[in-house]
Amino acid sequence: MPMHKRRSKIGLNKQSQSLNLRVLVFCLASSLTLFGFSFREQGVGPFSIARSVVGTICIPIHYAGALATFPIRAAATAFGNAGATHETLSSLKQENAQLLARVSELEEAKKTTDRLQDLLALKSTYNLQSCAARIISGSHSSWEDCVTIDKGTTSGLSVGMPVMDSNGAIGQIVQCSATSSVVRLLSDEKSSIPAMIQSSRAQGVVQGSVDGTIRLTLINSNLKADVGDIVLTSGLGGIFPKGVPLGKITTVDKVPGSLYYNIHIAKLSPTENLEEVLVVTSLTEEQKATDKDISDADAQDSVANQDFTSVKSNDSSSSASSSPTKDSSASGTSTSSSKGE
């Protein structure tokens, strides 16, 4: 390229840059000037009115521009979302699964905390000297109703100790090893616990059965027993603390000729869903049956024995009164036969 043309082009570029700079300076100065006048007017004046008019006129233009560009912006957003990689989606799925597992873990922890708080409430209510344990297995035979807990002799447990859930007594330890124990539940046919009806204080024995039902036996039919009554431990025998709930009466039948009611009770909570329990390790003097409780039980037995003796005497009298009639009839028949001969 000739030298004079190259110099001419460089000159034109310099002139263009100088012109652009002047325009920029002019625009900046004009903006500052207009801003100054507008500021001095404080919203009232020709500059403020002109700016308001221009803004009002431009509103439809801005609105039309937004509508016109909306499809483009929406398409760009959709394209951006569609551009998410497979790794990103997999990462989100994994994170979601972790969050769900965490929520499940927290819910289970809350349920466990609630159960333990209920056990602590029972312990506090009855002032129990106890040891907490977890159920690790159920019955190993269809002929018995037992569970196994994860505490044994190394934790201070021994055979005969009562076992509670958050609602009351559920059974008694019958086998004990170093690290585990077998608990016989109320519904086991070999279970037998001294008990009383809360409302009438009538004393009897709660017994299990082969079919899993629970009965309250030895309640004299002259005493008060109603459906819905709560059955408590009586404390007799010194094994179970006095006054702990055992169940609720569901049926009361008065059998003709029997001295005792036929009473069935229901457990206060299903033992199939138990997870944690309390083992009562010792009793205080307040938790044992008093001398009055023992005398009341003896008096109740005495009344039952008297009733039994009375019934037996009545049966004997009835048999004796019917015997002479039979003898007379037989004698009369014999005499008539003699006369006939």
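The following dialogue examines how several terms are applied to this predicted model.

Biologist: What makes up the chain in terms of helices and strands?

Modeller: The chain holds 4 helices and 12 strands. Buried residues account for 26% of its 341 residues.

Biologist: Why is Gly247 called buried?

Modeller: A residue is called buried when its relative accessible area is under 20%. Gly247 has a relative accessibility of 0%, and therefore it counts as buried. Gly247 is part of strand β10, which covers residues 245-254.

Biologist: Which residues does Gly247 touch, leaving aside those up to four places away in sequence?

Modeller: They are Asp229, Ile230, Val231, Ile265, Ala266 and Leu268. The term rests on heavy atoms lying within 4.5 Å. As for Val231, 16 residues separate it from Gly247 in sequence, while the two C-alpha atoms are 5.4 Å apart in space.

Biologist: What share of the chain's contacts with a separation of 6 or more joins residues 24 or more positions apart?

Modeller: That share is 56%.

Biologist: Which strands form the closed barrel that contains β8?

Modeller: That closed barrel has 6 strands in the order β6-β7-β8-β11-β10-β9, and its pairing is antiparallel. From one strand to the next, the twist averages 40°.

Biologist: How do you know that β8 and β11 are paired?

Modeller: Pairing requires at least two bridges between the strands. Strand β8, residues 214-217, and strand β11, residues 261-266, share 3 bridges in the antiparallel sense, so they count as paired. Within this pair, Leu216 stands opposite Ile263 in β11, and Ile214 has Ile265 in β11 as its bridge partner.

Biologist: What makes β7 and β8 a pair?

Modeller: The reasoning again uses the requirement of at least two bridges. β7 and β8 have 3 bridges in the antiparallel sense, and therefore they qualify. Gln207 has Arg215 in β8 as its bridge partner. The hairpin of β7 and β8 has 6 residues between the strands, and there Gly212 takes a positive phi near 90°.

Biologist: Why are Arg201 and Leu218 called partly exposed?

Modeller: Partly exposed lies between buried, under 20%, and exposed, over 50%. The relative accessible area of Arg201 is 40%, so Arg201 falls in that range. Leu218 has a value of 45%, and therefore Leu218 is partly exposed as well.

Biologist: Which strands form the closed barrel that contains β1?

Modeller: That closed barrel of 6 strands runs β1-β2-β5-β4-β3-β12 with antiparallel pairing. The twist there averages 45° from one strand to the next.

Biologist: How do you know that β1 and β12 are paired?

Modeller: Strand β1 (residues 129-137) and strand β12 (residues 276-282) have 6 bridges in the antiparallel sense, which meets the requirement of at least two, so they are a pair. Gln129 stands opposite Ser282 in β12.

Biologist: What makes a space a cavity and not a pocket?

Modeller: In a cavity the probe fits but cannot get out, whereas a pocket is open. The structure holds 1 cavity of 30 Å³ or more. The largest cavity has a volume of about 70 Å³. Its lining includes Asp165, Asn167, Leu246 and Leu268. The elements that give two or more residues to this lining are β4 (168-176) and β10, and the largest share, 3 residues, comes from β4.

Biologist: What is the volume of the largest pocket, and which residues line it?

Modeller: The volume of the largest pocket is about 200 Å³. Among the residues of its lining are Arg115, Asp118, Asp165, Asn167, Ser269 and Glu276. Helix α3, residues 86-126, gives the largest share of that lining, 3 residues.

Notes. Residues are numbered from 1 along each chain as its sequence is written. This is a predicted model: local features need pLDDT of at least 70, side-chain atom pairs count only at pLDDT 80 or more; totals for chains, interfaces and linings use all residues. Side-chain values use heavy atoms; hydrogens and water are left out. Axes are lines fitted to C-alpha atoms, for helices over the stretch in contact, and angles run from 0 to 180 degrees between N-to-C directions. Buried means under 20% relative accessible area, exposed over 50%, partly exposed in between (1.4 Å probe, protein chains only). On a 1 Å grid over the protein atoms alone, a cavity is a set of points where a 1.4 Å probe fits but cannot get out, and a pocket is an open set with protein on both sides within 12 Å along at least five of seven lines; lining residues have an atom within 4 Å of a point. Grid points are joined across faces, edges and corners, and a volume is the space filled by probe spheres set on the points.
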